[in-house]
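Student: I have a model here that I have not seen before. Can we go through its labels one by one?

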Amino acid sequence: MKLIFLGPPGAGKGTQATGVSSHLRVPHISTGDMFRSAIKNQTPTGLEAKRYMDAGQLVPDSVVIAMVKERLAMPDCENGYLLDGFPRTVEQAEALEKFAAPDAVVDIEVPDEMLVDRLTGRRVCATCSGTFHISKLAEEKLCPVCGGELYQRDDDKPATISNRLNVYHEQTAPLIGYYAGLGRLKRIDGNARPEDVFQNILSSLE
């Protein structure tokens with residue numbers, strides 16, 4: 001099965017994508033991982049992307065699309081894929097239709113005010129990299145797993161979160177309309193227990 005996951009920052013998209021890809025036995029491909037892998041393996045598109053990144057420029061659509069095409073042609077994608085972070089624009093979605101059209105697009109929806117609470121309350125351990133929420137912590141600055149110091153990431157601060165959400169909605173609203181028009185959009189309530197969200201995603205794909 002060929003899938004795309006959409007969802008704002010803090011919606012739990014990464015967690016659900018990992019679980020669903022494992023259940024369906026298809027690779028979970030995030031654009032960040034894909035970029036790092038292509039650059040590390042020095043593929044032609046990886047080297048081209050690195051040239052733009054080293055110059056502090058945005059990687060053009062044509063290079064990103066070529067990189068996705070290169071990745072989806074690998075043997076582990078023979079039975080499908082789960083794309084996370086691509087496409088980001090309708091132009092990218094139209095390009096994807098030409099070489100690996102998705103069977104379904106899962107949109108995990110969570111109200112912005114809930115996302116702000118989730119993200120501003122998130123803390124990361126400087127030692128073991130564990131992620132926690134202050135509502136579940138006995139001690140706000142102490143990792144419950146290894147005792148390391150917990151810190152708040154810069155992109156989890158209120159002003160940054162507001163900007164990230166604005167950018168997401170601007171970029172993604174047209175994509176949601178595009179895939180809804182193709183009859184492939186699956187809207188999932190992400191404001192439920194993670195295990196319930198997981199089951200609802202699988203039910204929507206059956």
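Tutor: Phe-86 touches Ile-4, Thr-31, Val-64, Ile-65, Val-68, Gln-92 and Leu-96, leaving out residues up to four places away in sequence. Contact means heavy atoms within 4.5 Å. This is a predicted model: local features need pLDDT of at least 70, side-chain atom pairs count only at pLDDT 80 or more, and totals for chains, interfaces and linings use all residues. Residues are numbered from 1 along each chain as its sequence is written, and side-chain values use heavy atoms, without hydrogens and water.

Student: Why is Phe-86 called buried?

Tutor: Buried means under 20% relative accessible area, exposed over 50%, partly exposed in between (1.4 Å probe, protein chains only). Phe-86 has 1%, so Phe-86 is buried. Its place is in the loop between β3 (81-84) and α5 (90-100). Helices (H or I, at least four residues) and strands (E, at least two) are DSSP runs, numbered from the N terminus.

Student: What makes Arg-71 count as buried?

Tutor: Arg-71 has 17% relative accessibility, so Arg-71 counts as buried. Arg-71 is found in helix α4 (residues 61-72). Its contacts beyond four places in sequence include Pro-27 and Asp-76.

Student: How many aromatic pairs does the structure hold?

Tutor: The structure holds 1.

Student: Why is the pair of Tyr-178 and Tyr-179 called edge-to-face?

Tutor: Rings of Phe, Tyr and Trp (its six-membered ring) pair if their centres lie within 6.5 Å; planes under 30 degrees apart count as stacked, over 60 as edge-to-face and the rest as tilted. Here the centres are 5.1 Å apart and the planes at 75°, so the pair is edge-to-face.
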